[in-house]
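Q: I have a structure open on my screen and would like to go through it with you piece by piece. Could we begin with the pocket and then move on from there?

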Amino acid sequence: MSRVGKNPIQLPGGVVVKVQGSQVSVKGPKGELKWDFPAGMKVTVLDNSVQVERSSDLKQFRALHGTTRNLIANMVTGTSAGYQRILDISGVGYRAQVQAKRIVFTLGYSHPVEFNLPEGISAEVDKKQTQLTLSGIDKQLLGQVAANIRALRQPDIYKGKGVRYSYEKIKLKVGKAGKK
């Protein structure tokens with residue numbers, strides 16, 4: 001039995017989970033998410049919790065058991081509390097500005113880089129325009145958007161310039177002058 005998969009998902013106040021066929025929908029104060037879970041998984045909603053079970057002990061079902069449970073738990077957390085990703089922009093003249101549903105970056109290129117935000121993701125920039133806070137209810141979509149923004153100008157390993165996650169530590173390399 002999967003250690004993760006057998007744990008029930010506790011529902012916070014204001015979150016409603018419905019299962020219709022092979023689709024689970026989670027509605028909370030922040031919004032609503034839907035997901036088609038894999039065949040072979042059985043999702044049941046009890047009083048104040050959600051339980052995920054598998055139909056057999058085949059390898060593919062064992063592999064999907066804990067994953068299914070965690071994806072539903074992420075949906076519950078997202079619709080109740082939401083998720084945030086913080087990106088730091090470092091470099092001389094590097095900055096970001098939010099304009100409606102897009103972000104305009106100045107990242108040392110000859111032109112400004114525009115990034116359109118998908119539906120369900122919002123962004124804020126601090127006063128210095130060097131820290132970008134992304135927020136949304138879908139953890140997977142939020143992580144993908146953050147990775148796409150980081151890919152616009154990945155952190156340089158010699159100077160540390162670029163876009164990076166706030167928790168990310170860059171170990172700077174020594175340049176040519178440091179070789180002896």
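Predicted model: local features only at pLDDT ≥ 70, side-chain atom pairs only at ≥ 80, totals over all residues.

A: The largest pocket is lined by Leu 33, Lys 34, Trp 35, Leu 71, Asn 74, Met 75, Asp 138, Lys 139 and Gln 140.

Q: Which elements give two or more residues to that lining?
A: Strand S4 (31–36), helix H1 (59–80) and helix H2 (139–150) each give two or more residues to the lining of the largest pocket.

Q: What volume does the largest pocket have, and how do its lining residues divide into nonpolar, polar and charged?
A: The volume of the largest pocket is about 190 Å³, and its lining is made up of four nonpolar, two polar and three charged residues.

Q: Let's stay with H2 for a moment; how many residues does H2 have, and what distance does it reach from its first C-alpha to its last?
A: H2 has 12 residues and reaches 16 Å between its first and last C-alpha atoms, which is close to the 16 Å expected at 1.5 Å a residue.

Q: Which residues in H2 are buried?
A: The buried residues in H2 are Leu 142, Gly 143, Val 145, Ala 146, Ile 149 and Arg 150. Viewed down the axis of H2, these buried residues fall within an arc of 160°, so they line one face of the helix.

Q: Why would residues three or four places apart point the same way in an α-helix?
A: An α-helix has 3.6 residues a turn, so residues spaced by three or four places point the same way.

Q: What do the buried residues of H2 pack against?
A: The buried residues of H2 pack against several strands, namely S7 (83–90), S9 (102–106), S10 (113–116), S11 (121–125), S12 (131–136) and S13 (162–165).

Q: Over to H1, then: is Thr 68 buried or exposed?
A: Thr 68, which is found in helix H1, counts as buried because its relative accessibility is 1%, under the 20% cut-off. Leaving aside neighbours within four places in sequence, Thr 68 is in contact with Trp 35, Phe 37, Pro 38, Met 41 and Val 52. Of these contacts, Trp 35 is also one of the residues that line the largest pocket.

Q: And Val 43, where does that lie, and what is it in contact with?
A: Val 43 lies in strand S5 (residues 41–45), and at 8% relative accessibility it counts as buried. Apart from neighbours within four places in sequence, Val 43 is in contact with Val 19, Phe 37, Val 50, Gln 51, Val 52 and Ile 72. The C-alpha atoms of Val 43 and Gly 108, which are 65 residues apart along the chain, are separated by 50 Å.

Q: Changing topic, what is the phi of Ala 100, and what about Gln 129?
A: Ala 100 has a positive phi of about 55° although it is not a glycine, and Gln 129 likewise has a positive phi, near 65°. Most residues other than glycine have a negative phi.

Q: Where are those two found, and how exposed are they?
A: Ala 100 is in the loop between strand S8 (95–99) and S9, where it counts as exposed at 76% relative accessibility. Gln 129 is in the loop between S11 and S12, and it is partly exposed, with a relative accessible area of 24%.

Q: Last one: which residues does Lys 161 touch?
A: Not counting residues up to four places away in sequence, Lys 161 touches Ser 90, Gly 91, Tyr 94, Gln 154, Pro 155 and Asp 156. Lys 161 is found in the loop between H2 and S13 and is partly exposed, with a relative accessible area of 29%.

Notes:
Residues numbered from 1 in each chain as written. Heavy atoms only, no water. 1 Å grid on protein atoms, 1.4 Å probe; cavity = no way out; pocket = protein on both sides within 12 Å on 5 of 7 lines; lining within 4 Å. Points joined across faces, edges and corners; volume = space filled by probe spheres on them. Helix = DSSP H or I, 4+ residues; strand = E, 2+ residues; numbered from the N terminus. Nonpolar A, V, L, I, M, F, W, Y, C, P; charged D, E, K, R; others polar. Expected span 1.5 Å × (residues − 1). Buried < 20%, exposed > 50% of the residue type's maximum accessible area, 1.4 Å probe, protein only. Arc of directions from axis to C-beta. Contact = heavy atoms within 4.5 Å.
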